[in-house]
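Trainee: Could you take me through the strands of this model and show me how each description follows from its definition?

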Amino acid sequence: MKVFRGLPNAASRAPCALAIGNFDGVHRGHQALLARLREVASKMELESAVMTFEPHPREFFAARAGDPSKAPTRIASLRDKLQSLAKAGVDRVIVEHFNAHFASLSPQEFVEKILVQGLHVKWLIVGDDFCYGAKRAGNVATLIEAGKQYGFHVESQPTVTSSGTRISSSAVREALLHGDFARAEELLGHPYAMSGHVIHGKKLGRTIGFPTLNVRVAHKHPALSGIYIVQVHGLDEQPLPGVASIGVRPTVDDSGRVLLETHLFDYSQQCYGRLIRVEFLKKLRDEEKYIDLPTLTAAIARDAVQARTYFKQLTDAATSATDRI
């Protein structure tokens, strides 16, 4: 899969079938849209392309309004989004920098400069609630009319539902906010996880008996915050059990940077630079600020005991089920 930061140069602007959206989480609704994109691209002998945005448009407008709280939490990093799009079989992805200039494009300019001149779109699919152009003045109806004028077909993806409710990034965020990982998996089509390279930290964890694998979180407002039972993929043939914290670490750091810290049980190998995937299984509690390190250490010890008990119960249940066969 080819990835372009902004519009491709002239030599790379092959005619394409295009999907446009934020694709945060690439949930089952997105997956249905991408399957339709691949189907048509194959029939028309075109490359399948996706245009997505960084930052999320609502994040941009929230920052411009001076109210970051209006920005949506992020389900996935750009890395994880691109990995999901590659898994979906997309040929190329255009990561468009959503800034003041892009936001000011009129619907007509968006069609002419981005879709026609910039991407040579021949077929286009969007969600049925898609809006575009300054002040969200363009919609699916105006896009269909523009397609007739410029020679590309427009299709809108109907709502995809699960258990009677619409599958959306907002629904995934809601599930993650409440620690409902079964519901999140139902919406996503796979267990929820975050990936990243292990980086050097302050080495505080090892001094208090709980060394951690640290992964930088790119966004200030991830969809998760708190302490979780997890398993880590990428270090062994089987996922490794552990307990993780994702947040700003208020007891030991006042920088406001978000970090994912994972303590693996009975594991001591060096992992700096390794790419890992942390799969979230159960929320234990919210992040807290403690009065001192001993109090923090005691809390981590309690978390570890709960996590070990959780994994032991899973093992016992699996053994019992095997014995009954």
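Mentor: Strand E1 is joined to strand E4 (residues 92–97) by 4 bridges, and the two run parallel. This is a predicted model, in which local features need pLDDT of at least 70, side-chain atom pairs count only at pLDDT 80 or more, and totals for chains, interfaces and linings use all residues. Residues are numbered from 1 along each chain as its sequence is written, and side-chain values use heavy atoms, with hydrogens and water left out.

Trainee: What makes E1 and E4 a pair?

Mentor: Two strands (E runs of at least two residues in DSSP, numbered from the N terminus) pair if DSSP finds at least two bridges between them; E1 and E4 have 4 bridges, so they pair. Within this pairing, Arg5 stands opposite Val95 in E4.

Trainee: Why do strand E1 and strand E8 stand at the edges?

Mentor: The open sheet has 6 strands in the order E1-E4-E3-E2-E5-E8, with parallel pairing. Strand E1 (2–5) and strand E8 (153–157) each have a single partner strand, so one side of each is left without a neighbour in the sheet.

Trainee: Why is strand E11 called mostly covered?

Mentor: Buried means under 20% relative accessible area, with exposed over 50% and partly exposed in between (1.4 Å probe, protein chains only). In E11 (residues 193–199), 6 of its 7 residues are buried, and it is therefore described as mostly covered.

Trainee: Which strands does E11 pair with?

Mentor: E11 pairs with strand E16 (residues 275–285) in the antiparallel sense over 5 bridges, Ala193 having Glu279 as its bridge partner. Strand E12 (residues 213–216) is joined to E11 by 2 bridges, also antiparallel, and here Val198 has Val215 as its partner.
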